[in-house]
Amino acid sequence: MNVQKTDLVGEYLREIELRLSGLPLLQRRELLADLEAHIETARQHGAYSESELIEVLQRLGTPEEVAAAAYWEAGPQPPRPTYTPAPEPRSGVPAWVIGAIAGFVMLFLIGVAGLVMFARVDGESAPEPLRIEAPVAPPAIDAPAAPAPEPTE
Amino acid sequence: MSDAAQLTSGLRRGTLEFCVLAMVERDAVYGTEIVRRLGEERSLATTEGTIYPMLSRLRRVGWLDSKWSESPTGPPRRYYSLTDDGRAALGRFRAEWVSFRQTVDRLVGTGEA
């Protein structure tokens, strides 16, 4: 019997606590302590059975109602600071996965680069582009050198 | 039904806290007792668990003071009492409320004939 009551109250308070994550720690603790004392007082005054306890909790309101009132009374400022720490645990989990993928990609690129190098050496195709580039480069340099004729006086 | 509930909660929003201040005007009252008394007023349709966050706010703005005290029969009780600022706020509300109520009565047609 006692275990069942504790489970019911514990579950109720946990449901409320889950919804209060946007509130400052001390306000959250204060409210949960107040609710706990309220329920304990009701028990002392004769709410012994589970059905009586359910009635006490129903009068307190659903976890959604209580949490909504807590946010309303807290005002618009508090929710921000607690939102920032939330993403941290998410990024921590896949970090090693990203590292492993990056490692495989690196190995793959090194392998491909090696194959390309060997392919060029074997096919003797490397010298050809060098010969083509050489004649093209000189005219490009001559063009900007056009103003040179000025000092011919 | 939901329209009536919405109307009640709208009316309650700005006035319930002053009912609480008046409740602890003379003697300190513990939280659960405040909640119980408000819960007994049917026309206020109070959800008991929503009173605690309000008590917390009234304490944070400095209108209520709270002190824990041992109880002979159960868990420690948190007694609320009125601060000087709370007393001043209650005085302002009383003056404001009378003229506010009279105006609404006159405009809505609920005043004495």
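Chain B comes with 5 helices and 3 strands, where helices are DSSP runs of H or I with at least four residues, strands are runs of E with at least two, and both are numbered from the N terminus. This is a predicted model, in which local features need pLDDT of at least 70 and side-chain atom pairs count only at pLDDT 80 or more, while totals for chains, interfaces and linings use all residues. Residues are numbered from 1 along each chain as its sequence is written, and chains are lettered from A and ligands numbered from 1 in the order in which they are written.

Going along the sequence, the elements of chain B run α-α-β-α-α-β-β-α. Of its 113 residues, 25% are buried; a residue counts as buried if 20 or more other C-beta atoms, placed from the backbone, lie within 10 Å of its own, as exposed if 12 or fewer do, and as partly exposed in between. Contacts tell a bit about how chain B folds back on itself: taking those between residues at least 6 apart in sequence, 46% join residues at least 24 apart. Two residues are in contact here if their C-beta atoms, placed from the backbone, lie within 7 Å.

The strands of chain B make an open sheet of 3 strands in the order 1-3-2, with antiparallel pairing. Strand 1 (29-30) and strand 2 (64-69) each have a single partner strand and stand at the edges, so one side of each is left without a neighbour in the sheet. Pairing requires that DSSP finds at least two bridges between two strands. Strand 1 and strand 3 (residues 77-82) of chain B pair over 2 bridges, in the antiparallel sense. In strand 3 of chain B, B:Tyr80 is the bridge partner of B:Val29.

Next come the helices of chain B. In helix 2 (residues 16-23), the buried residues are B:Glu17, B:Val20 and B:Leu21. They sit on the same side of helix 2 of chain B, because they cover an arc of only 100° around the axis, the arc being that of the directions from the helix axis to the C-beta atoms. What covers these buried residues includes helix 3, helix 4, strand 3 and helix 5 (84-108) of chain B. Helix 5 of chain B also holds B:Arg101. With 12 other C-beta atoms within 10 Å, B:Arg101 is exposed. Its C-alpha atom is separated by 9.2 Å from that of B:Gly111, 10 residues apart along the chain.

Chain A is built from 8 helices and 0 strands, so its pattern along the sequence reads α-α-α-α-α-α-α-α. Buried residues account for 15% of its 153 residues. For contacts in chain A between residues at least 6 apart in sequence, 65% join residues at least 24 apart.

Helix 4 (residues 63-74) of chain A has 12 residues, which should span 16 Å at 1.5 Å a residue, and its end C-alpha atoms are 16 Å apart, which agrees. The expected span is 1.5 Å times one less than the number of residues in the helix. Buried in helix 4 of chain A are A:Pro63, A:Val66, A:Ala67, A:Ala69, A:Ala70, A:Glu73 and A:Ala74. These residues cover an arc of only 160° around the axis, which puts them on the same side of helix 4 of chain A. Just after helix 4 of chain A, A:Gly75 takes a positive phi of about 85°.

A:Ala70 lies in helix 4 of chain A and counts as buried, with 26 C-beta neighbours inside 10 Å. Leaving aside neighbours within four places in sequence, A:Ala70 is in contact with A:Leu20, A:Leu23, A:Leu31 and B:Pro53. The C-alpha atoms of A:Ala70 and A:Arg19 are separated by 9.8 Å, with the two residues 51 apart along the chain.

Finally, the two chains together. Their contact takes 16 residues from chain B and 18 residues from chain A. On the side of chain B that touches chain A, helix 3 (31-40) and helix 4 (51-60) of chain B are the elements that give two or more residues. Helix 4 of chain B gives the most, with 5 residues. By class, this side of chain B has 5 nonpolar, 9 polar and 2 charged residues, where Ala, Val, Leu, Ile, Met, Phe, Trp, Tyr, Cys and Pro count as nonpolar, Asp, Glu, Lys and Arg as charged, and the others, Gly among them, as polar. The largest nonpolar core has 32 residues, of which A:Ala70, B:Val24, B:Ile34, B:Ile51, B:Leu55 and B:Leu64 touch the most other members. Such a core is a set of buried Ala, Val, Leu, Ile, Met, Phe, Trp, Tyr and Cys residues joined through C-beta atoms within 7 Å.
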